Amino acid sequence: MKFKAFCSRNWAWLFLIVPVLLQLIFFYFPMFQGAFYSLTNWTGLTYNFDFIGLNNYRILMSDPKFMKAIGFTLIITACMIVGEIGLGIWIARALNSKIKGRTFFRAWFFFPAVLSGLIVSLIFKQVFNYGLPKLGTMLGIKALETSLLGTTTGAVIAVIFVMLWQGVAMPIIIFLAGLQSIPQEIIEAAHMDGANNKQVFWKIELTYLLPSISMVFIMALKGGLTAFDQIFALTGGGPSDATTSLGLLVYNYAFKNNQYGYANAISLVLFVLIGIVSLVQIRLSRKYEI
Amino acid sequence: MKETKQKDNIGKYVLLIAGAILILIPLLVTIFSSFKKTKDIMENFFGFPNPGTWDNYARLLSDGIGRYFWNSTVITVLSVLVVMAFVPMAAFALARKMSRSKAFSFMYLFLILGIFVPFQVIMIPITVMMNKLGLANMWGLIILYLTYAIPQTLFLYVGFIKMNVPVSLDEAAELDGAGKFTTYFKIVFPMLKPMHATTLIINALWFWNDFMLPLLILNKDSKVWTLPLFQYNYTGQYFNDYGPSFASYVVGIITITIVYLFFQKNIISGMSNGAVK
């Protein structure tokens, strides 16, 4: 009887207890551990390590691999943001007009989003290695005659292409929903007042799309900064580290070089980066939201 | 006026068809290649299989793809079930309590903070920890999926309950003598059906397609590999012999395609609802 009374008084805590414990043990604990290890020279192989303060962060600043990875990560992130928003709105607008086969196109353009990023990259790896060079030779395009993945610029382009091939699927649907939420009367009224298509797009549609843009921005940002699966499978970070993203660098330093402490320092930099940009972005989008 | 509209539409068709072909080509190449002998793949990458062969699939079967398919299925199904068992329940408690209690609104933030933290931050400590605890196996993976699915799933459920499940409903049930447990299981849980569909889809797709966590937790023992882990290692293993790897991609793609064909509408709306993350 006492037990029953206890349960009914504290029902809400009982409903919460499992998720709270799990988060505590498998999320918060390792997170603080990670922050702590970033101040040590732990290798991960033994239980001994020294506390070295901010030394890892100091080394980081002069580590050419880290600098290269940050450069590459920012490039792909920028390309993802611009590409997903630009292409996403462009295709969503086409899908939003009265054309035949809309339902089919909508389903087809979304399809890449349900595929595993790993498989997509493994497939494209073969396409870039064996398919495109054939096409290049046939058409006489010099740049394509050897595998794109063999040159540094080519590999960067290949990674961006594959990530966009898959990454633009979701934004299309988000923008499409945004476009469909615009009251038709507003657009009709604007046309009556003599506004042309361009004006309607820049002055009306875009304003209504701002919340969707802000959402896609965050998605693309997070996806770009933490990119791992696709790059791991497509290029493995090469050639000569040209496509090593921060996410991949953390993995390599930890599990290939056994520099657990140092790798954790990099991941914390990534954390701060995402935190800052998201905060700024949330502030900005609040200011301009309708 | 009419002419510009038509021109406009032609431009749109060109864009959509070009895009659709760009999506189709790699998938078509994969299916064709899975029926080709390696020599045929090398010489005739974009063409039809000539002659076609089932050898790649036979090899895939004898290399034990069935086991990995099964592993992935079990992990995905169990993880989705535990998420559904624990998360909506917690969401219900929070939705009812957090507006009146500081402790519960703190708990809400505590539980959704993970949305903002990139996985790399915990990647290394969690790998070490799971190995130490002897949880570098399927069960450990399921626990981690449940844990990392909590922030976003909870966020979605709390929003939904606040919007769609009025408090008056609880009160009515309590007048009839139902306790909170009965109210939740008998009345609230069934009302969350649309949200169940959404979260089930986003989580199941994530668990099924995920590569990173299995790579960290399961890579040592090839018996417990998931399908993506198998596909990755298989490609590396047969790096001179592409047919079987292509067949393994087809197995992954076909499964997803069948699910997609059946639940297309739910998947599109579910995933875009979940994209608020």
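**Exercise 1.** In which hand, left-handed or right-handed, does H4(A) pass H7(A)? Work on the predicted model.

*Solution.* 
Step 1. Locate the two helices: H4 spans residues 64–96 of chain A, and H7 spans residues 152–167 of chain A.
Step 2. Their axes come within 10 Å and cross at roughly 40°.
Step 3. Angles under 35 degrees count as roughly parallel, and 65 to 115 as roughly perpendicular. H4(A) and H7(A) are therefore oblique to each other.
Step 4. The crossing of H4(A) with H7(A) is right-handed.

**Exercise 2.** Which residues make the contact between H4(A) and H7(A), and how do they divide by class?

*Solution.* 
Step 1. H4(A) supplies Phe72(A), Ile75(A), Ile76(A), Cys79(A), Met80(A), Gly83(A), Glu84(A) and Leu87(A).
Step 2. H7(A) supplies Val156(A), Val159(A), Ile160(A), Met163(A), Leu164(A) and Gly167(A).
Step 3. Sort them: 11 are nonpolar, two polar and one charged.

**Exercise 3.** Describe how the domains of chain B meet.

*Solution.* 
Step 1. The domain assignment gives domain 1 (2–53) and domain 2 (62–274) of chain B.
Step 2. Their C-alpha centres lie 34 Å apart.
Step 3. Nine residues of domain 1 of chain B touch eight of domain 2 of chain B.
Step 4. On the domain 1 side, H1 (2–34) and H2 (38–43) of chain B each give two or more residues. H1(B) gives the most, with five residues.
Step 5. By class, the domain 1 side has three nonpolar, four polar and two charged residues.

Methods. Residues numbered from 1 in each chain as written. Chains lettered and ligands numbered in written order. Predicted model: local features only at pLDDT ≥ 70, side-chain atom pairs only at ≥ 80, totals over all residues. Axes fitted to C-alpha atoms, helices over the stretch in contact; angles between N-to-C directions. Helix = DSSP H or I, 4+ residues; strand = E, 2+ residues; numbered from the N terminus. Parallel < 35°, antiparallel > 145°, perpendicular 65-115°, else oblique. Left-handed = near helix turned anticlockwise from the far one by under 90°. Contact = placed C-beta atoms within 7 Å. Nonpolar A, V, L, I, M, F, W, Y, C, P; charged D, E, K, R; others polar. Domains from an automatic or database assignment.
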